[in-house]
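Subject: Structure handover

Hello,

Here is the structure I promised to pass on. Please open it first, then read the notes below.

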Amino acid sequence: MGNEINRADEAREAYRRYVEERGRAERGEIPWSAVAEGFFPEDAVFVDPAWGRIEGHAAITKFFDESMAGLEGWTFPESFALSDGERIVALWWNRLEGTGPDGRPHEAPGVSIVHYAGDGKFSYELDILNMAEVMEVIAASGWTPPAAFNQPPRRPVRDTTPTDGMPSA
């Protein structure tokens with residue numbers, strides 16, 4: 001193999017950069033669309049639990065900005081990521097500002113399954129959340145959507161099938 005980096009290592013490095021860029025977007029240093037611009041190719045698919053299936057680079061880029069509008073102050077810290085070849089599975093948190101009476105953050109877990117496409121990009125991302133728990137956390141925190149918040153579609157496409165030929169799990 002020599003100096004050649006294998007695809008699994010390449011996938012892990014690309015994912016590390018992806019998480020780093022998401023952190024920059026959380027802090028308001030870059031727009032969320034810049035994250036999508038850098039990490040999803042033309043034929044990518046992103047499946048969000050609230051917004052549903054988003055297909056194609058342009059649609060994913062638009063979705064990143066639209067879905068994150070009004071969520072300033074929310075963070076999404078990652079607990080861990082595991083890799084299986086060119087697939088990455090990560091546990092992260094939807095964390096709202098403040099803490100509950102017990103001193104713990106207002107947060108609900110999320111899981112992402114990401115498929116590496118090569119060239120530092122991802123062909124597929126499936127985010128999984130318990131939306132009932134997310135809604136309970138929102139209610140407990142007292143958070144209310146600001147004017148800039150965009151509601152997800154009423155009937156999103158729920159198809160989670162990857163288009164890259166790689167099994168989702």
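Contact here means heavy atoms within 4.5 Å. By that rule, and not counting residues up to four places away in sequence, His57 touches Ala36, Glu37, Phe40, Pro41 and Glu42.

Some ground rules. This is a predicted model, where local features need pLDDT of at least 70 and side-chain atom pairs count only at pLDDT 80 or more, while totals for chains, interfaces and linings use all residues. Residues are numbered from 1 along each chain as its sequence is written, and side-chain values use heavy atoms, with hydrogens and water left out.

Back to His57. This residue lies in helix α3 (residues 57-68). Helices (H or I, at least four residues) and strands (E, at least two) are DSSP runs, numbered from the N terminus. His57 is buried, with a relative accessible area of 11%. Buried means under 20% relative accessible area, exposed over 50%, and partly exposed in between (1.4 Å probe, protein chains only).

Next, a helix pair. The axes of α1 (residues 7-26) and α2 (residues 32-39) come within 8 Å and cross at roughly 165 degrees. Axes are lines fitted to C-alpha atoms, for helices over the stretch in contact, and angles run from 0 to 180 degrees between N-to-C directions. The two helices are therefore roughly antiparallel (the term covers angles over 145 degrees). From α1, Ala14, Arg17, Tyr18, Glu21, Arg22, Ala25 and Glu26 meet Trp32, Val35 and Phe39 of α2. These residues divide into six nonpolar, no polar and four charged. Ala, Val, Leu, Ile, Met, Phe, Trp, Tyr, Cys and Pro count as nonpolar, Asp, Glu, Lys and Arg as charged, and the others, Gly among them, as polar.

Now helix α4 (residues 131-141). Val134, Val137 and Ile138 are buried there. They span an arc of only 100 degrees around the axis, so they sit on the same side of α4. That arc is taken from the directions from the helix axis to the C-beta atoms. Glu136, Ala139 and Ala140 are exposed on the other side. The cover over the buried residues includes β4 (87-99), β5 (105-118) and β6 (121-129).

Glu133 is also in α4. At 29% relative accessibility, Glu133 counts as partly exposed. Neighbours within four places aside, Glu133 contacts Ala108 and Pro109. Glu133 and Pro109 are 24 residues apart in sequence, and 8.8 Å apart C-alpha to C-alpha.

Last, Asp119. This residue is in the loop between β5 and β6. Asp119 is exposed, at 74% relative accessibility.

Best wishes

Terms used
Angles under 35 degrees count as roughly parallel, over 145 as roughly antiparallel, 65 to 115 as roughly perpendicular and the rest as oblique.
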